[in-house]
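Please look over the sequence and the 3D structure below.

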Amino acid sequence: MSKKILLVEYETSTIDVIKELLSHPIFSITLANDGETAKHLLAQDKYDLMITAAMLPKFFGFNLSQYAAQNYPGIKIIIISNIYRGLEYKQQATLVYKANDFFEVPFNKDTFKNKIFDLLNMSEND
């Protein structure tokens, strides 16, 4: 069964890294480059995972995480940030904005990929 991922990011370099990590044929990635487009896409389809940038045009990534968690139960959420935020922001992302995890770019690719597999209850063999 294919896993549907909504990637909400506008930085080409980050998009390329994530697409490379998730090149596995079981992943189907939909790209949105701003928060409003992401909200529209969430309403149109069911996603297993949303990876969103913290800073987004038109709708802040933290708020998008909270919105998705409240309106689409069961979706897993990872927030990524290109700016060092520290432990306080990671705690806010998970406790207040209901993300499953928070990564700062550049992130360890293996750790990031393993977290995605873990959240989606998958293994490399899938």
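Which residues form one aromatic cluster? The members are Phe60, Phe62, Tyr89, Tyr97 and Phe102. This is a predicted model, in which local features need pLDDT of at least 70 and side-chain atom pairs count only at pLDDT 80 or more, while totals for chains, interfaces and linings use all residues. Residues are numbered from 1 along each chain as its sequence is written, and side-chain values use heavy atoms, with hydrogens and water left out.

The structure holds 10 aromatic pairs. Rings of Phe, Tyr and Trp (its six-membered ring) pair if their centres lie within 6.5 Å; planes under 30 degrees apart count as stacked, over 60 as edge-to-face and the rest as tilted. One of the pairs joins phenylalanine 62 to tyrosine 97, with 5.2 Å from centre to centre and 75° between the planes, an edge-to-face arrangement. This pair links distant parts of the chain, 35 residues apart: phenylalanine 62 is in helix H3 (residues 61–71), and tyrosine 97 is in the loop between helix H4 (87–95) and strand S5 (101–104). Helices (H or I, at least four residues) and strands (E, at least two) are DSSP runs, numbered from the N terminus.

Phenylalanine 62 is buried, with a relative accessible area of 2%. Buried means under 20% relative accessible area, exposed over 50%, and partly exposed in between (1.4 Å probe, protein chains only). Tyrosine 97 is buried as well, at 18%. Phenylalanine 62 also forms an aromatic pair with phenylalanine 102; this pair is tilted, at 6.1 Å centre to centre and 35° between the planes. Because phenylalanine 62 lies in helix H3 and phenylalanine 102 in strand S5, the pair ties together parts that are 40 residues apart in sequence. Phenylalanine 102 counts as buried, with 5% relative accessibility.

Another member of the cluster, phenylalanine 60, lies in the loop between strand S3 (49–53) and H3. Phenylalanine 60 is partly exposed, with a relative accessible area of 32%. Together with Tyr10, Met55 and Ile83, Phe60 makes a nonpolar surface patch of about 350 Å². Patches are made of residues with over 30% relative accessible area and no salt bridge: like charges are joined within 9 Å, nonpolar side chains (Val, Leu, Ile, Met, Phe, Trp, Tyr) within 5 Å. The accessible areas come from the Shrake-Rupley method with a 1.4 Å probe, and for residues only the protein chains shown count as cover.

Ile83 of this patch has a further contact. The side chain of serine 81 reaches the backbone oxygen of isoleucine 83 at 2.8 Å. Serine 81 lies in strand S4 (residues 76–81) and counts as buried, at 2% relative accessibility.

The next topic is charge. A search of the whole structure finds 4 salt bridges, a salt bridge being a side-chain nitrogen of Lys or Arg within 4 Å of a carboxyl oxygen of Asp or Glu. One of them is between lysine 39 and glutamate 36, whose closest N and O atoms are 3.9 Å apart. These two residues are separated by about one helical turn, because they are 3 residues apart in helix H2 (residues 35–44). Glutamate 36 is partly exposed, with a relative accessible area of 37%.

Lysine 39 also lies over the face of phenylalanine 59, at 4.3 Å from the ring centre, and over the face of tyrosine 67, at 5.0 Å from the ring centre. A charge sits over a ring if NZ of Lys or CZ of Arg is within 6 Å of the ring centre and within 35 degrees of the ring normal.

Which residue does lysine 90 form a salt bridge with? The partner is aspartate 101, and the closest N and O atoms are 3.1 Å apart. The pair links distant parts of the chain, with lysine 90 in helix H4 and aspartate 101 in strand S5, 11 residues apart. Lysine 90 is partly exposed, at 33% relative accessible area, whereas aspartate 101 counts as buried, at 9%.

Aspartate 101 also meets lysine 115 in a salt bridge (3.6 Å, N to O). Lysine 115 lies in helix H5 (residues 109–119) and aspartate 101 in strand S5, so the pair ties together parts that are 14 residues apart in sequence. Lysine 115 is partly exposed, with a relative accessible area of 22%. Salt bridges that share partners join Lys90, Asp101 and Lys115 into one network.

How values were computed:
Polar contact = N/O pair within 3.5 Å; in protein donor to acceptor, adjacent residues only side chain to side chain.
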